[in-house]
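Keep the sequence and the model side by side.

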Amino acid sequence: MAARLGWKRWGLLQTVTSGSLFLFPRGHCPQRGVGSILDPEMRAFVEENTEVTSSGSLTPEIRLRLLTPRCKFWWERADLWPHGDPYWAIYWPGGQALSRYLLDNPDVVRGKSVLDLGSGCGATAIAAQMSGASRILANDIDPVAGMAITLNCELNQLSPFPILTKNILSVEQDQWDLVVLGDMLYDEALADSLHGWLKRSTWTFGTQVLIGDPGRSPCSGHSIWHELRKVAEYSLPEATKQQNNGLTSSAVWDFQP
């Protein structure tokens, strides 16, 4: 499984037209435990096949359920995993940098509405909530990621925020003060779609866009990079370096079309 979770993440792109599910009504954050209203079998599956950890990343103050070398499916044959590729179960370097940046710079999100695009494990959305965002939507096309995000909210003793499991690039755009996304510039076609969507958000609503990415992806030559300004760079912890073929640093970029 570990070898399958490469930087390009092709499986995610292939499922980008998947169906939609709001785990909570738009704009509503239930006060009771999220696990009580979600599939108990899926909850049990995620809990049994991930490890709770806060070490080896740029954000030790955030606890997450992740796929680690102590988990069965880290070593098991990838085709035995019964769901879509678990990209949400890896804390990718771009997401780590973005989450660290929000925690270190709470004024970037305090009192603002935030869309976490391609949320994965939900760490950046969690960092936004810890830093005082007024409204948060976590978006990921994988319903299993939605379950993982709700469990990670519980781990960090946070009120759950809405989660949308739909390709948000294909629906009418909503207004957000800030859009954050990490590790999504890994394919030309997806980068094209993101580039257009983000430009429309910026031009229509004045949305600020922050992107977490090491800057060494297969799309490093894409035109979007001409509109990115680096605002922070972080040296990666040793554990993250080892999981990413020796990658040493990751960065946060401000999108300025």
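Two strands pair if DSSP finds at least two bridges between them. Helices (H or I, at least four residues) and strands (E, at least two) are DSSP runs, numbered from the N terminus. This is a predicted model: local features need pLDDT of at least 70, side-chain atom pairs count only at pLDDT 80 or more, and totals for chains, interfaces and linings use all residues. Residues are numbered from 1 along each chain as its sequence is written, and side-chain values use heavy atoms, with hydrogens and water left out.

Start with the overall count. The chain holds eight helices and nine strands. Of its 257 residues, 57% count as buried. Buried means under 20% relative accessible area, exposed over 50%, and partly exposed in between, with a 1.4 Å probe and protein chains only. Contact means heavy atoms within 4.5 Å. Among contacts in the chain with a separation of 6 or more, 73% come from residues 24 or more positions apart.

Seven strands form an open sheet with mixed pairing, in the order 5-4-3-6-7-9-8. Strand 5 (163-164) and strand 8 stand at the edges; each has a single partner strand, so one side of each is left without a neighbour in the sheet. Strands of a sheet pair through backbone hydrogen bonds, either parallel or antiparallel.

Next, strand 6 and its partners. Strand 3 (residues 113-117) pairs with strand 6 in the parallel sense over four bridges. There, L115 has V179 of strand 6 as its bridge partner. Strand 6 also runs parallel to strand 7, joined by five bridges. How is strand 6 covered on its faces? Both faces are covered: L178, V180 and G182 on one side, V179 and L181 on the other, are all buried. Strand 7 (residues 208-213) and strand 9 (residues 249-255) run antiparallel, with four bridges between them. L210 stands opposite D254 of strand 9.

Turn to the packing. In soluble globular proteins, nonpolar side chains tend to be buried together. A nonpolar core here is a set of buried Ala, Val, Leu, Ile, Met, Phe, Trp, Tyr and Cys residues joined through side-chain atoms within 4.5 Å. The largest such core has 35 residues, of which L64, Y101, L102, V114, F161, L210 and V252 touch the most other members. At least two residues of this core come from each of strand 2, helix 4 (93-104), helix 5 (123-130), strand 4 (135-139), helix 6 (143-155), strand 6 and strand 8. Another core, of 26 residues, lies apart from it, with I168, V179, L181 and W197 among its members.

V114 deserves a look. Leaving out residues up to four places away in sequence, V114 touches V109, A128, A133, R135, I136, L137, W176, L178 and V180. Two of these contacts, R135 and W176, also meet each other: the charged end of R135 sits over the ring of W176, 4.2 Å from its centre. For such a placement, NZ of Lys or CZ of Arg must be within 6 Å of the ring centre and within 35 degrees of the ring normal.

Then the aromatic rings. Rings of Phe, Tyr and Trp (its six-membered ring) pair if their centres lie within 6.5 Å; planes under 30 degrees apart count as stacked, over 60 as edge-to-face and the rest as tilted. The whole structure has five aromatic pairs. F45 and W81 have ring centres 5.2 Å apart and planes at 70°, so this pair is edge-to-face. The pair links distant parts of the chain, 36 residues apart: F45 is in helix 2 (residues 40-48), W81 in the loop between helix 3 and helix 4. F73 and W81 are also edge-to-face, because their planes stand at 85°, with centres 5.0 Å apart. F73 is buried, at a relative accessible area of 5%. Ring pairs link F45, F73, W81 and W88 into a cluster.

Finish with two polar residues in loops. T68 lies between strand 2 (64-66) and helix 3 (72-75). T68 counts as buried because its relative accessibility is 8%. Its side chain makes a polar contact with the side chain of E51, at 2.5 Å. A polar contact is a pair of N or O atoms within 3.5 Å; within protein, one must be able to donate a hydrogen and the other to accept it, and residues adjacent in sequence count only if both atoms are side-chain atoms. N156 lies in the loop between helix 6 and strand 5. N156 is buried, with a relative accessible area of 11%. A polar atom of its side chain lies 2.8 Å from the backbone oxygen of N152.
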